[in-house]
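Please look over the structure shown here before reading on. The numbered points below are meant for someone who has not seen it before.

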Amino acid sequence: TLFRSLVERMDRDLRIAEAQRTIVRLRQHNDQEENGTLRFVDDKGNVKLIVSAEHVICIESAGNYVTILYENAGRLIRYSLRNTLKGIEELCDSHRLVRCHRSWFINLGRVRLLRKAPDGVYAEMDAEGVNDIPVSKSYSAEVMQRFAERK
């Protein structure tokens, strides 16, 4: 019975620890939703960058890394993070960041205009010094629709 008691106690402790992790995760998600901040985590789940969603211009993927381009006090900042676009997709979807290419997310609130060129569609961003971002055929319909619906 002592062994059974220890096993039950360990099981209970594991369930409590899991519940506490879930509460922390839900609180972080709610904090992001409420105050418009994005908490970018690396591939191990460690928070590496917290930035206001409205300051993010775009996110580019390069293998197992993403580069987050955001504005801070009028300056463009590039922050590299070990994660994939797939790994941060849910975070981006919860804000105005939309996937426009297999390697790019853009902030629709920062798009000045969508331009059709002979070689495809491009998003011109409102920040100085940011190159036009490609919008691939597979994402163009959704990007154009969401761009037209933005407030």
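1. The model is predicted. Helix 3, residues 137-149, lies across strand 8, strand 9 and strand 10, and runs at about 140 degrees to strand 8.

2. Helix 3 is made of 13 residues, and the distance from its first C-alpha to its last is 19 Å, close to the 18 Å expected at 1.5 Å a residue.

3. Which residues of helix 3 are buried? They are Ser140, Val143 and Phe147. The buried residues of this helix pack against strand 6 (97-101), strand 7 (104-107), strand 8 and strand 10. As a general point, residues three or four places apart on an α-helix point the same way, because there are 3.6 residues a turn.

4. The strands under discussion form an open sheet of three, in the order 8-9-10, with antiparallel pairing. Strand 8 (111-117) and strand 10 (133-135) are the edge strands, each pairing on one side only. On average, neighbouring strands of the sheet are turned by 30 degrees against each other, direction ignored.

5. Strand 9 (residues 120-125) and strand 10 run antiparallel and are joined by three bridges. Tyrosine 122 has proline 134, in strand 10, as its bridge partner.

6. How many disulfides does a search of the whole structure find? The search finds zero. Cysteine 58 is in no disulfide, and the nearest cysteine sulfur, that of cysteine 100, is 8.4 Å away; a disulfide would need the two sulfur atoms within 2.5 Å. Both residues are buried: cysteine 58 has a relative accessible area of 4%, and cysteine 100 has one of 0%.

Methods:
Residues are numbered from 1 along each chain as its sequence is written. This is a predicted model: local features need pLDDT of at least 70, side-chain atom pairs count only at pLDDT 80 or more; totals for chains, interfaces and linings use all residues. Side-chain values use heavy atoms; hydrogens and water are left out. Two strands pair if DSSP finds at least two bridges between them. Helices (H or I, at least four residues) and strands (E, at least two) are DSSP runs, numbered from the N terminus. Axes are lines fitted to C-alpha atoms, for helices over the stretch in contact, and angles run from 0 to 180 degrees between N-to-C directions. Contact means heavy atoms within 4.5 Å. The expected span of a helix is 1.5 Å times one less than its number of residues. Buried means under 20% relative accessible area, exposed over 50%, partly exposed in between (1.4 Å probe, protein chains only).
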